Amino acid sequence: MRNKSLTLNAIFNVIKQCLSVFFPLITYPYVSRALGADYLGVYSFSDSIIQILLIVSTLGIPSYAIREGALIRDDEKAIRKFSSEIFTLNILSTVLSYVLLLTLIIFVPKINRNAVILGCLSINFFTTLMGRDWLNSIHEDFLYISIRYTIVHIASLILILIFVKEPGDLVKYVLIMAFSTAGGELLNAFHTLKYSPYGFAKIRNIKKHIRPVLILFCSTIAVTIYVRSDITMIGFLMSDKDVGIYTISSKVYLVVKSILNAVITVTMPRLANYRGEWNCVTENKYVILLGKLKTILMFLIFPSSVGLFCVSSYVMVLVGGAEFTDGYISLRILSIALIFAVFGCFIANCVLVINKKEKGLFKASAISAIVNVVLNFIMIPLIGINGAALTTLISECLVLIICIRYVDLSDGEKETIFRVNKKNFVVVAMECMYIIMAAVVLRQVFDGDIVYLGMVIISSVIMYAFILMASNNDLIRELMKDMNKRN
């Protein structure tokens, strides 16, 4: 397979994630006002349970399939055999997720009363199985992924505006949100046939995949616990309104985090491919690409974190309305967590997973999950939703610190990862200082929240472009050239 442009793939994936920003920015202000904080809290509580069980359904398959599939993607026979084995394993995990959901509905009263909502959302277990989106990632087909995402979410937006008008429309909203995921996966079911037909494997042939998949699964479920369990625990310990308010701040955090992680996602298949083909004689493309990725993330993460911190209160009002204003402090805390979360994702996926050191990732995730749950029981009753945000920040810090301890590379490779270029640091610092200044000064000039936020973002982007060009950064020049050629 001819390598596709990483720059273009990154752009496609960032566009997709940006659409994931605009989708909630448009729908959440509308939905939060139509349903109210209480009903939005009911939906969010149910969705948090489904998202945890969806991790059981997908197991650790996506990360494992991308890592191993990228090594054999040019061998048609091998990739067909591999995809059949992974699909069979995924069937078993999907059945398990439905069994667990049914058990929770039967034996947990608070979950039982939301059985209809949970049943509607659980369709995503089946459609994710059939979608096999990991095949698209293995073949770096991010253009299709972006197009599919755009079509499905535009359709969902239209349906929400037409059918969701009042609190009584909660079930309609649930069905539409289920469609927003299921629709894309059903399109996948047809698209991925060009890479591999559906097939089944004997149980003895999937045994070799079970151990690494389970390790990645345990890591994923641990990450899910400390990222998503906050909403679930707020649901048990506080009111539905508190759940609704925290949902907005955590949603903004997760969306921005997803945009920043989009660059990591598109790079993983290529990193796995480079790591598999490298030997001591040839150029170490893996390390070179890893260094470029680290620099790009540094350029993106710090300005994003500082910017979100500065305008958090206006973002909460814009997205949720005045009823959700109290969530701005939790969003500020989460904006700091962004720095540790994205760098943690970089070390975990691009270094540990690619180099088959997933045990280190599991230990980091497990320790952080335990700390998160314990601290949530302490912090949420004391300081409410701000306590939940603080525990997330602590957990993200722990993951990064522990993952770094398990990095097992040569000294030269470690230097590529951890060395900070002073010139790049100055560029990032200058942009962060401008963002702070713009957030303060422009507030005195513009009254409307939308206009104010727009001007802060636009002026910051223009200033950043000017600073980068003035610094004559080699990486930026290389990325611009890559727009017109293949890697």
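This report describes the helix packing and selected residues of a predicted protein model.

The model is predicted, so that local features require pLDDT of at least 70 and side-chain atom pairs count only at pLDDT 80 or more, whereas totals for chains, interfaces and linings use all residues. Residues are numbered from 1 along each chain as its sequence is written, and side-chain values use heavy atoms, with hydrogens and water left out.

**Overall fold**

The protein chain contains 20 helices and zero strands; helices (H or I, at least four residues) and strands (E, at least two) are DSSP runs, numbered from the N terminus. Of its 487 residues, 57% count as buried, where buried means under 20% relative accessible area, exposed over 50% and partly exposed in between (1.4 Å probe, protein chains only). Among contacts (heavy atoms within 4.5 Å) in the protein chain with a separation of 6 or more, 85% come from residues 24 or more positions apart.

**Packing around helix H6**

Helix H6 (residues 123-131) packs against helix H3 (residues 76-107) at an angle of about 180 degrees, and their axes are 10 Å apart. Axes are lines fitted to C-alpha atoms, for helices over the stretch in contact, and angles run from 0 to 180 degrees between N-to-C directions. H3 is therefore roughly antiparallel to H6; angles over 145 degrees count as roughly antiparallel, under 35 as roughly parallel, 65 to 115 as roughly perpendicular and the rest as oblique. On the H3 side the contact is made by Phe87, Asn90, Ile91, Thr94, Ser97, Tyr98 and Leu101, and on the H6 side by Ile123, Phe125, Phe126, Leu129 and Met130. By class, the contact of H3 with H6 comprises nine nonpolar, three polar and no charged residues. In this classification Ala, Val, Leu, Ile, Met, Phe, Trp, Tyr, Cys and Pro are nonpolar, Asp, Glu, Lys and Arg are charged, and the others, Gly among them, are polar.

H6 also packs with helix H9 (residues 170-191), at an angle of about 25 degrees and with the axes 7 Å apart. The two helices are therefore roughly parallel to each other. From H6, Ile123, Asn124, Thr127, Thr128, Met130 and Gly131 meet Ala178, Thr181, Ala182, Glu185, Leu186, Asn188 and Ala189 of H9. The contact of H6 with H9 has six nonpolar, six polar and one charged residue.

**Serines within helices**

Ser46 lies in helix H1 (residues 6-58) and is buried, with a relative accessible area of 1%. Leaving out residues up to four places away in sequence, Ser46 touches Asn114, Ile117, Leu118 and Leu121. The side chain of Ser46 also reaches the backbone oxygen of Val42 at 3.1 Å.

Ser250 is placed in helix H11 (residues 240-277) and counts as buried at 8% relative accessibility. Apart from neighbours within four places in sequence, Ser250 is in contact with Ile231 and Leu334.

| Pair | Separation along the chain | C-alpha separation |
|---|---|---|
| Ser46 and Ile111 | 65 residues | 7.6 Å |
| Ser250 and Gly327 | 77 residues | 9.3 Å |

**Loop residues with positive phi**

Glu140 has a positive phi of about 55 degrees although it is not a glycine. Glu140 sits in the loop between helix H7 (133-138) and helix H8 (142-163) and is buried, with a relative accessible area of 1%.

Lys356, likewise a residue other than glycine, has a positive phi near 60 degrees. Lys356 belongs to the loop between helix H14 (328-353) and helix H15 (358-383) and counts as partly exposed, at 49% relative accessibility.

Notes:
Polar contact = N/O pair within 3.5 Å; in protein donor to acceptor, adjacent residues only side chain to side chain.
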